[in-house]
Amino acid sequence: MERGQAGIDYLIAITLFLAGVYIIFYLSTNIIAPLAKERNDKQFIAEAISDYLLIEFGAGEPNIVNFTSLQEFLSQDHENLTKSLGYEGFSINISVKDTAGNIVITSGKTLPELADFGYVKRFLATPSTSERFVLEVIVW
Amino acid sequence: MVKDIVRIPADDKAQTFTFEAAMALMIIALVIVFIVSAIPLTPLTSSAANVQVENILESYGSDILNVMCYKSDVESFSPMKSALLYWDGEPMYGGVYDYPYSAPLKTFLQQTLETEGIAYNIEIGYFTIINGTKTFRTAIFVWNGYPSDNSVTVSKIIPLYDSDPANQGIKTLTFDIDGNTTNLYNIIEVRLTLWRM
């Protein structure tokens with residue numbers, strides 16, 4: 001039996017099929033990217049720094065800090081800050097915000113637009129005010 | 001002279017079928033890899049891979065209870081205690097309601113948990129007397145539904161004193177543990193359960 005049209009049908013089908021394969025492989029990069037294994041060292045350093053700050057400048061109770069001492073410590077430049085914390089070679093940004101998100105203290109380097117970083121958010125209070133604060137430590 | 005057109009017999013398509021099969025196999029393999037990798041990330045299923053998420057929630061919960069149960073030098077009571085002292089004992093659904101002295105707790109929970117997509121329940125454990133027997137009971141303070149498998153619960157003890165005001169609040173649920181011998185009225189346990197939505 002003659003099937004003159006079969007060639008055209010086949011060309012259309014294979015074109016659609018290849019387009020489908022291209023779309024799947026193109027999208028798969030974005031689908032699988034979040035599942036890729038990643039290093040956690042920066043995350044652990046950020047957690048260690050937040051623990052250190054809450055304990056070192058603590059005012060007798062967990063998560064309660066002496067705000068003046070903390071402010072004084074965070075007034076150092078980035079080089080001295082990383083040296084004091086023992087993490088030279090890493091870039092660090094530490095900020096204290098009120099619960100509405102306004103920055104009260106900020107220290108360290110400005111955040112890059114794109115970086116693989118460790119991030120920790122902790123909460124703290126001080127004996128001298130009724131305000132509660134958010135401590136954010138970012139390491140990259 | 002017209003030449004005969006050479007026709008491709010159907011049997012000669014084996015090569016293209018093999019190509020399609022190879023592509024299909026790669027896609028199936030990709031899907032299997034994706035499914036195997038994605039299983040531990042199911043948000044409501046508890047697994048070893050959720051440990052880091054649970055650790056973060058535990059840290060969050062401990063921090064929140066610590067700062068909410070802390071009374072600074074310029075406050076009469078901690079935000080948690082003042083909200084409990086004036087609470088009417090009825091469960092609050094979806095978050096802390098508006099009533100006297102509830103605002104600091106309500107605002108903090110909204111800004112720290114609700115905006116972060118973290119659901120929470122707060123329950124209060126207290127001692128009461130039922131038929132002459134001291135019994136430990138639990139009351140719902142804030143309820144947002146049943147927690148998922150990988151939820152985290154943190155708790156803190158708050159002491160109540162005879163000198164604390166607002167006898168219509170949490171103090172009505174429990175009793176004066178030592179009569180009026182000391183200023184201690186009783187203790188309550190605040191349980192905060194957190195889970196990712």
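**Group meeting: the chain B sheet and the A–B contact**

Let's start in chain B, with β4(B) and strand β6, residues 184-196. These two run antiparallel, and ten bridges join them. For one pair to look at, take B:Val152, which stands opposite B:Leu194 in β6(B).

This is a predicted model, so keep the confidence values in mind. Chain B has a mean pLDDT of 84. In that chain, 85% of the residues reach 70 or more. For the complex, the predictor gives an ipTM of 0.71 and a pTM of 0.73.

What is the strand order? It reads β1-β3-β2-β6-β4 in chain B. That makes an open sheet of five strands, and the pairing is mixed. The edges are β1, residues 92-93, and β4, residues 152-161, each of which pairs on one side only.

Next along is strand β3, residues 133-143 of chain B. Its pairing with β2(B) is antiparallel too, over nine bridges. Look for B:Phe127, which stands opposite B:Phe136 in β3(B). While you trace these strands, remember that in a regular strand the side chains alternate between the two faces of the sheet.

β2(B) and β3(B) form a hairpin, with two residues between the strands. Which residue there takes a positive phi? That is B:Asn131, with a phi near 50°.

Over to chain A. The chain is divided into domain 1, residues 6-35, and domain 2, residues 41-139. How far apart are the C-alpha centres of the two domains? They lie 48 Å apart.

Last topic, the contact between the chains. Chain A puts in 23 residues and chain B puts in 19. On the chain A side, two elements give two or more residues: α1, residues 6-32, and β3, residues 118-125. Which element gives the most? α1(A) does, with six residues. By residue type, the chain A side divides into 13 nonpolar, seven polar and three charged.

To recap. Chain B carries an open sheet of five strands, with β1 and β4 at its edges. Chain A meets chain B with 23 residues, and α1(A) gives the most of them.

Methods:
Residues are numbered from 1 along each chain as its sequence is written. Chains are lettered from A and ligands numbered from 1 in the order in which they are written. This is a predicted model: local features need pLDDT of at least 70, side-chain atom pairs count only at pLDDT 80 or more; totals for chains, interfaces and linings use all residues. Domain bounds come from an automatic or database domain assignment. Two strands pair if DSSP finds at least two bridges between them. Helices (H or I, at least four residues) and strands (E, at least two) are DSSP runs, numbered from the N terminus. Two residues are in contact if their C-beta atoms, placed from the backbone, lie within 7 Å. Ala, Val, Leu, Ile, Met, Phe, Trp, Tyr, Cys and Pro count as nonpolar, Asp, Glu, Lys and Arg as charged, and the others, Gly among them, as polar. pLDDT is the predictor's confidence in each residue, from 0 to 100.
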